[in-house]
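Q: I would like to learn how to read the features of a model like this one. Could you walk me through it?

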Amino acid sequence: MSATSAIQLDAVSLSLGGRPVLDRLSAKIALGGITALVGPNGAGKSVTLRVIDGLLRPDSGTVRIAARRRAFVFQTPALIRASAAANIALALRSLSRRARAARVRDALARVGLQDRAEDAATRLSGGEQQRLALARAWAIEPDLLLLDEPTASLDPAATDIVEGLVTEMARDGATVVLVSHNLGQVARLAGAMIVLAGGRAVEQGAPHQILLKPRTPETRAYLAGELPWTSFAAAS
Amino acid sequence: MDLLRRGLLTLSLAAILGAASPACAEPASIVVASTTSTEQSGLFKHILPMFKDKTGIDVKVVALGTGQALDSARRGDADVVLVHDRPAEDKFVAEGFAEARHDVMYNDFVLIGPASDPARIKGLGVLEAFRQLAAAKPPFVSRGDRSGTHSAELRAWKDSGIDLAAARGDWYRDVGQGMGPALNTASALGAYILADRGTWLSFKNRGDLTILVQGDPRLFNPYGVMLVNAHRHPTVKVKEGQTFVDWLISPEGQRAIASYKIDGEQLFFPSAAQTAK
Amino acid sequence: MPILHETLLRLWTLDRDVIAIAWLSLRVSLTAVSIGLLVGIPLGALVAVARFPGCGILTGLLNAFMGLPPVIVGLVLYLVLSRSGPLGSLGLLFTPSAMIAAQATLATPLVAALTRQVVADAEIHLGEQLRSLGLSAPRRAGILIYDVRFSLVTAALAAFGRAISEIGAVLVVGGNIAGHTRTMTTAISLETQKGDLSLALALGLLLMGLVVAVNAVAALLRGYAAKAYG
């Protein structure tokens, strides 16, 4: 594994319920920075994220991860019916009681929820809940942060806040892998981009290059669907 | 998560307290396996407080059919049995489950039926009445539960020369229950039934039923008491059990039995005078 | 309806014996349900959370045991606790402890099956996140139990309803001994057998009152707690 790659997937295949979802997928994700996983529905983006996290085990192929601590933020924030603080604390089992309390305080402050520590997590707004999920991820001090469409169900204002937090965490040194359907968001945040189609990585590179000059027919077809006012398909 | 921990603690405490409390400060007690007729007639409720006042011993009565009561004692689950089926009691002693059987008291069976008496048995002797029932085939309710009363009924059919296996049909309802439920069924069906007088007197849901045959010596229903043999079951509380048996057949216990009355009518008649120490 | 009038009159004049019977019923059933919750909740949650061979069979068993006939439980426990049985030396037959054991046997699979269901539902939403945090199965089970705690009140009430209203098991292992193991249900049965239908009905009304009262207290507690974390 090269010194600069955080994640290396080699010929990873996986079937779920008898249906192949990853088909000899190979990809490299560099250490540090934000890498976006894009592609049409069913391309295998979320599954790839789960394979990287270890939630799903591939049927064949190898997955190499150079990360000590991982954090995963889901599209719908997975929060238990407890206070905001308790939702963060449950990720910090290994810390002493005092250290845990301090870390919880810092994490809430980091996402601007310091005044909501004792509020029920389920009573927070959608944007606040996603910020809380990010705060939990932050509290873990991950060197690998996995985000599965974290802003898909948020309004623009909440999306701005969440994007700002993700950018900051990447700046602090975490490798971020972001699944997104929002190509504008990808262009704003990501330094690298992997296009998936049919369970394979069909194209990798810098977002501005791929978005402007897609090299494979799958990428062109996908971009034509996402950005119908452009005409990559015709340009080829 | 403190709430959860507190909840668990409360639950554990409740479970421990609940499970432990019956064990503490338990007075001396014995288990008596007896019949539904003695329990449901209210006799025990009348005499047991007197016994407890005198000896401090708590008597726990498990009311079953005579057959079940004897089986339960055979398993070692009772210290004393008080039942009414002489042949079954003699067998119990012969098997070595008790060293002796003592007469305690008797009451009598009564043949009950609807006041209209469609089988026309009123005032007959028992054997004639049963022959008449087998001929007329009106609804008849049988306990069918191996109880002393059930045994007495089966003896009556046999002694009157009826082959029950051949004669029984839709009219013969075998309910397999205690005296009370059987009486409830008979009351609902307007059926004939053999019952012990004690349960009948304390029974409230009589409907149209009334006593049609009584007083025949064959309806005599003696009760016997036995202390379970500690050689068969070492857990038997011999001292307390013997105290209870002795008290029942003592003049004092016999007077207690005789003093139990419902609406001025005596239910059980002491019979231990000849065997009392 | 003269019987209704008589019933209400009897209800008004219920004596100390009846109160003792009601208290015994409550004590036995609440203790049995407590044991059922202590065992059933972790068991159900673990079955919902853990992936192991045969976990489908265990789920099916739990669901089937929800409908365990009380008389069968009573009979098996009778044979086990009888002096001639394997646990006869404990001397538990015909004691309140035997009745608690019988009702706990009835309550545990019911609690476990209902817990498994609500925890499995919560797992759909939270399971990946908890596994992603690297938490062990018992730990995940604990967190999910906490998450669904308000729904578990329903499981507890269902178990209590099953326990306090059953007669088959307590009658066989308790023996319906006056002042010792006589519960509301065995007393109602006895009075029915004696043909004293108005007293049986009065006791029945009292039993229903108890059940309603316990449900009301649980609903209040649940509402109070859920106000904070619904």
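A: Helices (H or I, at least four residues) and strands (E, at least two) are DSSP runs, numbered from the N terminus. This is a predicted model, in which local features need pLDDT of at least 70 and side-chain atom pairs count only at pLDDT 80 or more, while totals for chains, interfaces and linings use all residues. Residues are numbered from 1 along each chain as its sequence is written, and chains are lettered from A and ligands numbered from 1 in the order in which they are written.

Q: Which strands are joined to β9(B) by bridges?
A: Two strands pair if DSSP finds at least two bridges between them. Strand β4 (residues 102–114) of chain B is joined to β9(B) by six bridges, and the two run antiparallel. Strand β3 (residues 80–83) of chain B is also antiparallel to β9(B), with four bridges. There, B:Val80 has B:Leu227 as its bridge partner.

Q: Is β9(B) largely enclosed or exposed?
A: A residue is buried if 20 or more other C-beta atoms lie within 10 Å of its own, exposed if 12 or fewer, and partly exposed in between, with C-beta atoms placed from the backbone. Strand β9 (residues 220–227) of chain B has six of its eight residues buried, so it is largely enclosed by the rest of the structure.

Q: What is in contact with B:Val80, beyond its neighbours in sequence?
A: Two residues are in contact if their C-beta atoms, placed from the backbone, lie within 7 Å. Leaving aside neighbours within four places in sequence, the contacts of B:Val80 include B:Ile30, B:Val32, B:Val225, B:Leu227 and B:Phe244.

Q: Which residues have the most contacts inside the largest nonpolar core?
A: A nonpolar core is a set of buried Ala, Val, Leu, Ile, Met, Phe, Trp, Tyr and Cys residues joined through C-beta atoms within 7 Å. The largest has 190 residues, and B:Val80, B:Val81 and C:Val173 have the most contacts inside it. α5(C) gives the most to this core, with 18 residues. A second, separate core has 31 residues, among them B:Ile121 and B:Leu212.

Q: Where is B:Leu43, and what is it in contact with?
A: B:Leu43 is found in helix α3 (residues 43–55) of chain B. B:Leu43 is buried, with 25 other C-beta atoms within 10 Å. Leaving aside neighbours within four places in sequence, B:Leu43 is in contact with residues including B:Gly198, B:Tyr260 and B:Leu267. B:Leu267 is 224 residues away from B:Leu43 along the chain, yet their C-alpha atoms are separated by 8.4 Å.

Q: How is chain B divided into domains?
A: Domain bounds come from an automatic or database domain assignment. Here the assignment gives domain 1 (28–106 + 222–270) and domain 2 (108–219) of chain B. Their C-alpha centres lie 26 Å apart. The contact between them takes 19 residues from domain 1 of chain B and 15 residues from domain 2 of chain B.

Q: How many residues of chain C are in contact with chain B?
A: On the chain C side there are 31 residues, in contact with 30 residues of chain B. α2(C) gives the most to that side of chain C, with seven residues.
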